[in-house]
Amino acid sequence: MVPARRPRFVLYDRDGCHLCAEARAQLERLAPVLDFDVTVLDVDADPALAARYGERVPVVAFGAEEIIAAPFEPPALRVVIARALSR
């Protein structure tokens, strides 16, 4: 039996961004609890992402939808993650 794929969220971040580091830590704490995976993309590693996001990081996306952007608190992140997972 093939294990089911877990939902995947994407965190757009950049090195040296303290809000990004906080968002990553929050997502890492929530992932095992809410059963999802996280992919972290450094916007500075891709010119198209750098142009798209500029200084507007961190941003969390689910599929093609940006579901939350900085600044946000841990309770807000948990709510939007749970809401996205329930769709």
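Residues are numbered from 1 along each chain as its sequence is written. In this predicted model, local features need pLDDT of at least 70 and side-chain atom pairs count only at pLDDT 80 or more, while totals for chains, interfaces and linings use all residues; side-chain values use heavy atoms, with hydrogens and water left out.

**Exercise 1. The overall fold**

Solution. 
- Start by listing the elements: the protein has three helices and four strands. Both are DSSP runs numbered from the N terminus, with helices being H or I of at least four residues and strands E of at least two.
- Now turn to size: the C-alpha trace spans about 40 × 30 × 20 Å along its principal axes.

**Exercise 2. Asp 13 and its partners**

Decide whether Asp 13 is buried or exposed, and find the side chain that joins Asp 13 in a polar contact.

Solution. 
- Locate the residue: Asp 13 is in strand β1, which covers residues 8-13.
- Check its cover. Buried means under 20% relative accessible area, exposed over 50%, and partly exposed in between, with a 1.4 Å probe and protein chains only. Asp 13 has 7% relative accessibility, so it counts as buried.
- List the neighbours, where contact means heavy atoms within 4.5 Å. Leaving out residues up to four places away in sequence, those touching Asp 13 include Cys 20, Arg 24, Val 40 and Asp 42.
- Finally, look for a polar contact, a pair of N or O atoms within 3.5 Å; within protein, one must be able to donate a hydrogen and the other to accept it, and residues adjacent in sequence count only if both atoms are side-chain atoms. The side chains of Asp 13 and Arg 24 form one at 3.1 Å.

**Exercise 3. The nonpolar cores**

Identify which residues of the largest nonpolar core touch the most other members.

Solution. 
- Begin with the term: a nonpolar core is a set of buried Ala, Val, Leu, Ile, Met, Phe, Trp, Tyr and Cys residues joined through side-chain atoms within 4.5 Å.
- The largest core has 15 residues, and Val 60, Ile 67, Leu 77 and Ile 81 touch the most other members. The elements giving two or more residues to this core are β1, α1 (18-34), β4 (65-69) and α3 (74-85).
- Zoom in on Ile 67: residues touching Ile 67 include Phe 9, Val 60, Ile 81 and Ala 84, not counting residues up to four places away in sequence.
- A second, separate core of 10 residues includes Leu 49, Tyr 53, Val 59 and Ala 61.
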